[in-house]
Amino acid sequence: MRDMGMSKTVSTPVLQVNDLHAYYGKSHVLHGVNLHVNPGEIVCLLGRNGVGRSTTAKAVMGQVVARGAIRFKGRDVLGMKAYEIARLGVGYVPEDRSIFPDLTVRQNLMLGVKDPRAHARGAGRWHIDDMYALFPRLKERDNTPGGVLSGGEQQMLTLCRTLMGDPDLIMIDEPTEGLAPKIVEQVGTFLQEIRKRGISILLIEQKLAIALDISERLYLMGHGHIVFEGTPADLKNNEAIRKEWLEV
Amino acid sequence: MEFVVISLLNGITYGLLLFMLSSGLTLIFSMMGILNFAHASFYMLGAYFAYQISTWVGFWPGLLVAPLMVGVVGALIERYGLRRAHRFGHVAELLFTFGLAFLVEEIVHLIWGNVAVDYRIPAELDGTLFTLFDTDFPIYKGFMMLISVGMLVALYALLTRTRIGLIIQAALTKPDMVEALGHNVPRIFMLVFGGGTALAGLAGVIGGNAFITEPGMAAAVGSIVFVVVVVGGLGSLGGAFVASLLIGCIQTFSVGLTISVTDVFALIGIVLPEGSQVARLTITQLAPVLPYMLMVAILIFRPRGLMGARES
């Protein structure tokens, strides 16, 4: 395991995970994961299916029982309930996107709001008009049930829904899965746009598609722990590690 | 004609009452994935609470207070019982509600005794609303319909027009996602359980005096409510509504039909051999069995129910 001390870290990381262990029943899924995300950073968590990337995100979100340490903005969140962690400012977009299929696009978005009164007073970085300005397509489908949107539209909707809750960190599980190359590019551009507004991103990916272009740093995961940490350039130059842990 | 109209009115009254019970059961099932075996016990509690209140201050305060009390009892049971059992899986939850049904029945035995209590329709609602052909339609049935329809409209408005309703709808299918968006899902579960049991309690308040308030009432109604949710489709409110009315009408129509099984088969051109015991049974005699026959038929030909989405 690599040393965690990145010398360029000035402020406290927004997310700091130390020696995280998690179990599904008796099977040991995470074997001491260490990673961190600095404020305003896009960090990519790469790895093949089943190595524990999603479990790591779920553990941060409080949806998996875990042991170790998880600090969000300096605060210990391990053991807290998922909704409490969300209210501290963690956003999570799961792999299956979890659109509420029977609710309209607008209703889906409004359910992302955690405190409707504060939101109505104008609190938070994101409002429904911002979302519609960024994605006119969603505005056109304002009154359409979320279940009938295309895969790309659903991905935008689920991202926007999480943003409506004004998170400081957003964990996104495979946002490009199953999308056409052009839409994948759009997702990448959008993530960079989000980052410009001061939101840190933990991007979970299987492929290098947008990971190399938009991430500051990458972690590569294998068998429940981090096997590589570095910049996109480091990973590009390290064919051996890519072959062993990434490419099929 | 007279028979059809009166049976239809009775069937709808009874069906709406069934829906009051099955809607709560359906909501609880969709959200938590468990069948609450004790659901009809809350119906019974509603009737007994209303009876007790009526002996002190009359019927009307009980109409409001008894369902609220039942709802609070339900919410507390969810919070301090079911939520703990939940950690040990669905089987533990199922057994918990199963045990709860027995517990409530025994408590009712202890407090109110083994025989039916004298829970009566209030004097101002005792009488004839209108006379159709030669049959009187009682005021109280009209009142039951009014309460049921009011409840139906209120439930619909709550689920589709309010923020909490949207959160409930979303949590019905994707509780983890709803919680990850920052909503207190455990509290929503408690509210839904409390609300569902309050509806059962309300059904008990208006059904207990229309029918009978005795310790066996939960078991009697409970099995019919399960038929309703299975026929309608587990987890489907719309299905529960259709199935409630269907079962309600089947029960009232079949009670009035004096034709025999032989006659029914004759209608579709099948002649049954004479002398068989079964063939001589009338539809009236078969009435109590018909809902269960429907349930079995549904389970064979359309296991997910009329409008159900779930596999389980």
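**Exercise 1. How do H2(B) and H9(B) lie to each other: parallel, antiparallel, perpendicular or oblique?**

Solution. First, the ground rules. This is a predicted model, in which local features need pLDDT of at least 70, side-chain atom pairs count only at pLDDT 80 or more, and totals for chains, interfaces and linings use all residues. Residues are numbered from 1 along each chain as its sequence is written, while chains are lettered from A and ligands numbered from 1 in the order in which they are written.

Step 1. Take the geometry. The axes of H2(B) and H9(B) come within 8 Å and cross at roughly 135 degrees. Axes are lines fitted to C-alpha atoms, for helices over the stretch in contact, with angles from 0 to 180 degrees between N-to-C directions. Helices (H or I, at least four residues) and strands (E, at least two) are DSSP runs, numbered from the N terminus.

Step 2. Classify the angle. Under 35 degrees is roughly parallel, over 145 roughly antiparallel, 65 to 115 roughly perpendicular, and the rest oblique. H2(B) and H9(B) are therefore oblique to each other.

Step 3. Find the hand. H2(B) passes H9(B) in a right-handed crossing.

Step 4. List the residues. H2(B) brings B:His39, B:Ala40, B:Ser41, B:Tyr43, B:Met44 and B:Ala47 to the contact, and H9(B) brings B:Met217, B:Ala218, B:Val221, B:Gly222 and B:Val225. Residues are in contact if their C-beta atoms, placed from the backbone, lie within 7 Å. The set divides into 8 nonpolar, 3 polar and no charged residues. Here Ala, Val, Leu, Ile, Met, Phe, Trp, Tyr, Cys and Pro count as nonpolar, Asp, Glu, Lys and Arg as charged, and the others, Gly among them, as polar.

**Exercise 2. Describe how H2(B) meets H8(B).**

Solution. Step 1. H2 spans residues 39-57 of chain B, and H8 spans residues 185-208 of chain B. Their axes come within 7 Å and cross at roughly 50 degrees.

Step 1. H2(B) and H8(B) are therefore oblique to each other. Their crossing is right-handed.

Step 2. Among the contact residues are B:Phe42, B:Tyr43 and B:Met44 of H2(B), and B:Ala200, B:Gly201 and B:Leu202 of H8(B). The contact residues comprise 11 nonpolar, 7 polar and no charged.

**Exercise 3. Which residues touch the most other members of the largest nonpolar core?**

Solution. Step 1. A nonpolar core is a set of buried Ala, Val, Leu, Ile, Met, Phe, Trp, Tyr and Cys residues joined through C-beta atoms within 7 Å. A residue is buried if 20 or more other C-beta atoms lie within 10 Å of its own, exposed if 12 or fewer, and partly exposed in between.

Step 1. The largest core has 155 residues. A:Leu202, A:Leu203, B:Leu21, B:Tyr43, B:Met44 and B:Val228 touch the most other members. Helix H1 (residues 2-32) of chain B gives the largest share, 14 residues.

Step 2. Look at one of them. Beyond four places in sequence, A:Leu203 touches A:Ile42, A:Val43, A:Cys44, A:Leu45, A:Ile172, A:Leu191, A:Ala211 and A:Ser215.

**Exercise 4. Is B:Val230 buried or partly exposed, and is B:Leu290 buried or partly exposed?**

Solution. Step 1. B:Val230 lies in helix H9 (residues 217-232) of chain B. With 22 C-beta neighbours inside 10 Å, B:Val230 counts as buried. Leaving aside neighbours within four places in sequence, its contacts are B:Met295, B:Ile298, B:Leu299 and B:Gly305.

Step 1. B:Leu290 belongs to helix H14 (residues 290-301) of chain B. B:Leu290 has 17 other C-beta atoms within 10 Å, so it is partly exposed. Beyond four places in sequence, B:Leu290 touches B:Ile250 and B:Ser254.

**Exercise 5. Locate A:Asp19 and A:His223, and give their phi values.**

Solution. Step 1. A:Asp19 sits in strand E1 (residues 15-24) of chain A. Its phi is positive, about 45 degrees, although A:Asp19 is not a glycine. A:Asp19 counts as partly exposed because it has 14 C-beta neighbours inside 10 Å.

Step 1. A:His223 is in the loop between strand E9 (217-222) and strand E10 (225-230) of chain A. A:His223, also not a glycine, has a positive phi near 50 degrees. A:His223 is partly exposed, with 14 other C-beta atoms within 10 Å.

Methods: A crossing is left-handed if the near helix is turned anticlockwise from the far one by less than a right angle, and right-handed if clockwise. Two residues are in contact if their C-beta atoms, placed from the backbone, lie within 7 Å.
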